[in-house]
Amino acid sequence: MMPPCPAIPHLCKEMSYHIHFDPIKKFKVQAEIENALTLSPVSLLSPPAGAADILHAGLIPLLMFKLKSELDEIQELILDTLSNCLRVEASEALSSGAITILKEKLTHSSVTIRSKAAHVLLEIGTHPEGKIVVGEVIPVLVSLLQDTDPEVQASATGALMFATIKPQGRFSALGAEAIPPLLKLVAGETSKARLSAIKTLTMLAELPEGRRKLLDHTDTFQQCLNDPFMLLMTCPPENAKTGLQALYNVIATSHMRSV
């Protein structure tokens, strides 16, 4: 990985000053920070250069606070910055009321803000402490599985996938009737959320109630397994097919034991 952008620490200090004394200048500096994060030539699998500097500068609480009331364009920048930073560390955001604020953004009228807020929750869910708290917004995430925008669906499904790693998250997802919209995403011909949906259903199948509900939909899984074109539309396709076959086997085995 390349070292953090040398401009980031200076920009962080400058924004810390202007956030109190010159809001207009602060917006410009914040945009420069986001630009530095976006343009840093680092692996997509690694946190963007500069994210650690923003965390070290203690700007996460300030960004969470400003996310409540800024203009939509600024909120989008803040959410992108939070996604990059919370991939590294999430505890400071969680102690700053991130879940409550992000839950509100999940129902924003802007498709972009809904999608980016769900993606921030996805990043929070990658951390052990995050998986538990993301469970607090599972009903909203389930409602977003039926959003009209594919990006919103994909981000919400990814966040739900991490939330259901914990047993309480699985029970909450079942209680929120997550299985029907997840099945639609698995069967959808253009779903960007297919792989995450398969993984989420697999975790729900670990519960007896989840397996019971999925027994009524084995034909859906079989149809998907026999449709190579649909699986090729999932990246990577081999992971989707393996996951779907494993899920089908769990449900089929459960059915045979109950007969």
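**Exercise 1. Determine the handedness with which α7 passes α8, and then describe the packing of the two helices.**

Solution. α7 crosses α8 in a left-handed sense, where left-handed means that the near helix is turned anticlockwise from the far one by less than a right angle, and right-handed that it is turned clockwise. Helix α7 covers residues 98-105 and packs on α8 at an angle of about 150°, with the axes 8 Å apart; axes are lines fitted to C-alpha atoms, for helices over the stretch in contact, and angles run from 0 to 180 degrees between N-to-C directions. The two helices are therefore roughly antiparallel (under 35 degrees counts as roughly parallel, over 145 as roughly antiparallel, 65 to 115 as roughly perpendicular and the rest as oblique). From α7, the residues A98, I99, L102 and K105 take part, and from α8 I113, R114, A117, V120, L121 and I124, contact meaning heavy atoms within 4.5 Å. Sorted by class, this contact has eight nonpolar, no polar and two charged residues (Ala, Val, Leu, Ile, Met, Phe, Trp, Tyr, Cys and Pro count as nonpolar, Asp, Glu, Lys and Arg as charged, and the others, Gly among them, as polar).

The model is predicted, so local features need pLDDT of at least 70 and side-chain atom pairs count only at pLDDT 80 or more, whereas totals for chains, interfaces and linings use all residues. Residues are numbered from 1 along each chain as its sequence is written, and side-chain values use heavy atoms, with hydrogens and water left out.

**Exercise 2. Find the angle at which α8 and α11 pack, and name the residues that meet.**

Solution. Helix α8 (residues 111-125) and helix α11 (residues 150-163) pack at about 20°, with their axes 8 Å apart. α8 is therefore roughly parallel to α11, and their crossing is left-handed. On the α8 side the residues are V111, R114, S115, A118, H119, L121, L122 and G125, and they meet E151, V152, S155, A156, G158, A159 and F162 of α11. By class, eight nonpolar, five polar and two charged residues make up this contact of α8 with α11.

**Exercise 3. Decide whether T157 is buried or exposed, and list what T157 touches.**

Solution. T157 lies in helix α11. Its relative accessible area is 0%, so T157 is buried (buried means under 20%, exposed over 50%, partly exposed in between, with a 1.4 Å probe and protein chains only). Leaving aside residues up to four places away in sequence, T157 touches L145, L182, L185, A193, S196, A197 and T200.

Terms used. Helices (H or I, at least four residues) and strands (E, at least two) are DSSP runs, numbered from the N terminus.
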